[in-house]
Amino acid sequence: MIPKIKRFADSTHFTNALKITIAAVIPVLLFSHLGNFTIGFAIALGTILVYPSDIPSNLKHKIIGILVTAFIVSSVNLLINLLHPYSWIFYPFLAVLLFFLSMISVYGQRGTMVSFSAIITIPLAFAHLQTGWDRIEYAGLILLGGLFYLLVSIIFFHIKPHRYGELQIVECIKLTSKYLKLRGDLWEVNSDRKAITEKQLHLQVELNAIHENIRQILIDNRTNSGSSNQNRKMLLVFISLVEIMELAIATSFDYNKLHQKFNNHPRVLKTYQKLANNLAKSLNDLSKSIEYGEKYVSQHNLIVDLNDLELAIENYESDLGKSAASEGVLMLSNMLLYAEKQVEKIKTLERAFTGIVNLQDLKGRDKDLEKFITPQYYPISTLIENLSFSSTVFRHSLRLTITILIGFLIGNILPFQNTYWIVLTIIVIMRQGYGLTKERTFQRIIGTIAGGFIAFGILFLVHDSTIIGTLAIIAMLLGFSFTPTNYKVGATFVTVYVIFLYGILTPNIQDVIQYRILDTLVGAVVAFLANYFLWPSWEFVKIPVYLENSIEANKNYLKQISLFYNTKGEVSTPYRLARKHAFIEVGNLMASFQRMLQEPKSKQTKLTKVYDLTVLNHSLLSSAASLGTYIQSHKTTAASEAFNVVVDKVIENLEDAITLLKEEKLTPKLDTVKDDLSKRFIELNKIRTKELKEENDNDEDAFQLKMQEAQLVIEQLIWLTNLSENIVKTTRSLIKTENELQ
């Protein structure tokens, strides 16, 4: 129990919650003591409004982001108060303002958070309308609150400048460990491989996001602090984690074939599974030691596990005889080679956290790292390009604007106590996707009702304002801590906090609870219906774009692999960039498929084909990465003409799939192409063997190594060809289904 509490208290979410709680509570306590609660409350409101924009980034971007948000929310509050008395101009202005503020989210995560802060300022301005000079004074106090929060955020940043990066590394290690554990689970004879594969796809989406975030942190740290030991350590660990993940994806096995081949030799499979599981456990143990600041002591002897596997392979060969076991030994040797590389990378991680990392340890692996992060700039052209119904952000902005206006209309027509709470609920719940809005709707309703009952029960028993105030602060802290990870629990504590606040300020607390629950229900229902009926952003509409991007990225990655195999030398920056984009785009496709699963069944008409294409693209990426990883880690022979012909055909197939997704007609191909491919595979299989034997007539070991290369390359080329053909076939079927539905 105590370790869990310690872990929670040391988490990023709790730290952020502590930051906003301190920033909001200090002004209230200070000015209440001075006899002017209103000023303290206005400043606290300013801190809460700018808090969402404080996303992970370097200090410069943090300061600029919070400053811009502070000025925007202060200006929005002032404009609402100035124009509210003139209804003939106020409501048209409100509609334009809402739409414009919503469109800011085209500028990525920071833009989305600034947009959210600005929009949520509007209903809160209605809750505290001012007149005369008070309007300017109140807006100034909100601005002061934003600046005070910025000061608190900067102080927290300097107290533990590297802690956020460490926790992100910890989370990355944990996710990577889970991924390796799932790979180990695939070795179970009766394992549910489809379910395990879906879990792997989900984890890969999470890993893509956290990799991008860590890249940004590392670049910022290196720019601001130079090459300190801490920065080098984090950089080395991150690069090793990316390589572990890429190696895991690149090294795919035909599990059906393996189980059929080794069912009568279970010791081999069990020995490998034990090793695979211990790889995952070692990473998990390392993450815990970093998280809790404890000295790392390895609990698993991976070298012994490797030796056990090597011995199992020797016993397998001895039992069957060298000739009969040759194919199986080659497969097992590839597994052993994969495991040795993973053990080597895990040992690198262990050394990084038990010693000092030198620049030589990186060995140029951080070269051109800046090119791997997404640049941050906000051109007006991005906003203009999104002003059309083809833009998801545009449709969401229009939908949100109309829904908020409907919320105001309902609150004004019907006898609701707090119209602003209906609008507030709409803003908090509504998201671009139907699935997330639906999920948040139910979670907020449950959280609000639960929080209402809990708060009412406590207020029924406790009447001391000091105790209630203390409980309100605790509820606020827990509410902000849980909201990012468990929205239902977060909404419960936020409800408790708000009701406690009302309990201190107003005597009719029963009415407050009643109306808060009713307002939340109305706002949630309106938001849910709006997301279903007002220009919804169904995933099946966007899937072709994600498919096209993932196929294009895989194609470019395969081109770089082919270029590298032909030219040899060092791995180039374009190669690594192509690899990164392939992983990201396939991850985006997986995320889109997962969102589709949350949508109504009637909107999942192409779900099976989308799933097939998602798996095919992931498999193609895995096969390409396997080929690329092998080429990088081995001294390979010259690429043959047959290799280039087959790769060109795979690329051609991928281009055909892209053409289909663009709803263009394919140029008919002659059957001789397929016949030529068959000849090329025969050439690769037979002629290549003869060439290699002639080159290494007196060196059996060298011959075996080159035969291993030939077999792996041929197997991957066959798989790439089949996958690319299936992608074209399934894409054609997907487009046909889409046309029939129209």
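Which residues are linked with Asp54 in a network of salt bridges? Lys19 and Lys62 are, together with Asp54 itself. A salt bridge here is a side-chain nitrogen of Lys or Arg within 4 Å of a carboxyl oxygen of Asp or Glu.

This is a predicted model, where local features need pLDDT of at least 70, side-chain atom pairs count only at pLDDT 80 or more, and totals for chains, interfaces and linings use all residues. Residues are numbered from 1 along each chain as its sequence is written, and side-chain values use heavy atoms, without hydrogens and water.

Side chains of opposite charge can pair when their charged atoms come close. The count here is six salt bridges. In one of them, Lys62 meets Asp54 at 2.8 Å, N to O. Both Lys62 and Asp54 are buried (buried is under 20% relative accessible area, exposed over 50%, partly exposed in between, with a 1.4 Å probe and protein chains only).

Now take Lys274 and Asp305. Their side chains form a salt bridge of 4.0 Å, N to O. Lys274 lies in helix α12 (residues 266-292) and Asp305 in helix α13 (residues 302-320), so the pair ties together parts 31 residues apart in sequence. Helices are DSSP runs of H or I, at least four residues, numbered from the N terminus. Lys274 is partly exposed, at 46%. Asp305 is buried, at 6%.

Lys555 and Glu552 also form a salt bridge, at 3.2 Å, N to O. These two sit three residues apart in helix α23 (residues 539-567), so about one helical turn separates them. Lys555 is buried, with a relative accessible area of 8%. Glu552 is partly exposed, at 28%.
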